[in-house]
Amino acid sequence: MKRIGLIDIGSNTIRLVIFEYSVETGLNELQNIKTPARLSQFLDEDKNMNEEGINVLVETLNSFKKVAKKFHVEELVPAATAAVRQSKNVDQIIESVKFKTNLDIEIIPEQDEAFYGFYAATHTLNIENGITVDIGGGSTEVTYFENKKLKEAISFPFGVVTLEKMFFVDKDHNDKNAIKKCEKFVKEQFESEKWIKDKKVPIIGIGGSARNNARIHQSLNNYPIAGVHGYDMTKKDLEEVYDELKKSDKSDLKDLDGLSRDRTDIIIPSSIVFNTLYDITDATRFTFSRKGLREGLVMTRLKEDFPKSFNKDNVTTDALRYLANEYNINPSNGKQRMRLAEDLLNKVIEITDFEVSNEDRKLLKEAAYLYYLGAFIDADSSSQHTYYIIANSSINGFSHRDRVKLALLASFKNKSLLKFYVKETSWFKDNEIELIQKLGGIIKFANALNVSNTDCIETLELIDKKNEFDLIVDYVTDPIAEEYQSERQKKHIEKLLPKKLNIIFTQG
């Protein structure tokens, strides 16, 4: 286990994030606080940061040091991006900070800033080919990757703060002429890099500006579940947010759900960047990643001490393992449920016309492993807790739709409760709900075959007799609890079969 405190010194905000990593539960945030320092406003015409700006930085770092000490942070890393990097007196800033805080600022080069965002996104999302965009206060990083390998990267010397200063000073945030000029400038900047054009891949939005655009869209549409990591938006969705921002006056923006109050004057430039990039790349969708520069930097550092961590090819597998460990699911019992559920599914498919896609088969296994994890909170309401935990947790590698589907399967108790859960989102058609019910029934029956958590069942055999089916359950240790529970739950399997089911336990 290790704790790292990262102080992200950006052009717009300075943020302290305290991370804890363990092999069992992965990388987690323990603390996340920020101050809207706006360091870029302290740069003069010659790009020198004045004393006032340096003092703001020093005061913030000293405050964050005290917080890190209370959290027993082993390593505190102040990392600076555009505002400090672009300062002509960067050496003076570093020296002054060292003298007044005893901290060594790490200046993140442009290419590294782009790389860290790419690294975090590709290690927490299941997107093989894509473009990442991270617009900060003073720079915008864009990368292109194929098969999760970085192909192109660039840092543009403009961000939301610099765009606001270039086009919106002494003007309303939605001034039509300013917006038109800003759109033209951003378009020319992106078009200057030929590799950006017509990529026809997803765009992954990273950072606070992307997060605010995603949250505004969720608010406008009364989005039913929590979290923005892995949240997908179409071109129409991005335009909906952009149009809302343009038609709102300043007082409206202050009350706009999803928009941070310290971003009301810079949200329009960010929306311009995302919409323009979407058009130029001819993107397939816009996906938000909650993991970006900070996570990428920390993950690459932790890789030195934990070389087997953060496998970009095992994003969902690792995420589900961490979730299971967090709620004390016994790995042996989880694997037994997975094995029994898949075996039952295969046997049903062999003798019926039941069809299941590879994606749904994968979800069945994952849900069987996580089945009733909510029992960790309360056994009597384990189904309810299971659904709401999984549906509202940011699980790396999952789209929001698949996350909810996983929650429905892992929490399956009966048809009535399933219908109650699906009303929350109204995302699934009747045939999809019917499939979830059938797969959920298989998982519930598989759980009944290991209700004692002793992994006593060794093999299953389904025999087709004239007027009925016999399920031969071969056991190695006393299955008295399994015999009782499987009889109670066999109705879930009988719904998939054309004839009655008998369960026969035999000792191997």
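Colleague: In which hand does α17 pass α18?

Modeller: First, a caution: this is a predicted model. Now the helices. α17 crosses α18 in a right-handed sense. The pair packs at an angle of about 135°, and the axes lie 11 Å apart. Helix α17 covers residues 415–422 and helix α18 covers residues 430–448.

Colleague: What does that angle make α17 relative to α18?

Modeller: An angle over 145 degrees would count as roughly antiparallel. The pair is at about 135°. That makes α17 oblique to α18.

Colleague: Which residues of α17 and α18 meet?

Modeller: From α17, take K415, L418 and V422. From α18, take I433, I436 and Q437. By class, this contact of α17 with α18 has four nonpolar residues, one polar and one charged.

Colleague: Is S426 buried or exposed?

Modeller: Use the cut-off: exposed means over 50% relative accessible area. S426 has 58%, so S426 is exposed.

Colleague: Where does H72 lie?

Modeller: H72 sits in the loop between α1 (51–70) and β4 (75–80). Phi of H72 is also a positive value, near 55°, in a residue other than glycine. At 62% relative accessibility, H72 is exposed.

Colleague: Now a loop residue with another setting. Is L39 buried or exposed?

Modeller: The cut-off for buried is under 20%. L39 has 0% relative accessibility, so L39 counts as buried. L39 belongs to the loop between β3 (26–35) and α1.

Colleague: Which residues is L39 in contact with?

Modeller: Set aside neighbours within four places in sequence. L39 then contacts I9, G10, S11, I14, M49, G53, V56, L57, A83 and V84. As for I131, its C-alpha is 28 Å from that of L39, and the two are 92 residues apart in sequence.

Colleague: At roughly what angle do α4 and α11 cross?

Modeller: The axes of α4 (residues 110–122) and α11 (residues 293–305) cross at roughly 80° and come within 7 Å. Angles of 65 to 115 degrees count as roughly perpendicular. That makes α4 roughly perpendicular to α11. On the α4 side, the contact is made by E113, F115, Y116, G117, Y119 and A120. On the α11 side, the residues are L293, E295, G296, L297, M299, T300 and K303. The contact of α4 with α11 has seven nonpolar, three polar and three charged residues.

Colleague: How many residues does helix α13 have, and how far does it reach?

Modeller: Helix α13, residues 331–351, has 21 residues. From first C-alpha to last, α13 reaches 31 Å, close to the 30 Å expected at 1.5 Å a residue.

Colleague: What do the buried residues of α13 pack against?

Modeller: They pack against α14 (358–370), α18, β12 (457–464) and β13 (468–475). The buried residues of α13 include R337, L340, L344 and V348. S332 also lies in α13. S332 is partly exposed, at a relative accessible area of 40%.

Colleague: Where is Q489 found, and which residues does Q489 touch?

Modeller: Q489 is in helix α19, residues 480–489. Not counting residues up to four places away in sequence, Q489 touches K444, F445 and A448. Q489 counts as buried, at 9% relative accessibility.

Colleague: Now zoom out. What is the overall secondary structure?

Modeller: The protein has 20 helices and 14 strands. The C-alpha trace spans about 90 × 45 × 40 Å along its principal axes. Of the 508 residues, 56% are buried. Take contacts between residues at least 6 apart in sequence: 71% join residues at least 24 apart.

Conventions. Residues numbered from 1 in each chain as written. Predicted model: local features only at pLDDT ≥ 70, side-chain atom pairs only at ≥ 80, totals over all residues. Heavy atoms only, no water. Axes fitted to C-alpha atoms, helices over the stretch in contact; angles between N-to-C directions. Helix = DSSP H or I, 4+ residues; strand = E, 2+ residues; numbered from the N terminus. Parallel < 35°, antiparallel > 145°, perpendicular 65-115°, else oblique. Left-handed = near helix turned anticlockwise from the far one by under 90°. Contact = heavy atoms within 4.5 Å. Nonpolar A, V, L, I, M, F, W, Y, C, P; charged D, E, K, R; others polar. Expected span 1.5 Å × (residues − 1). Buried < 20%, exposed > 50% of the residue type's maximum accessible area, 1.4 Å probe, protein only.
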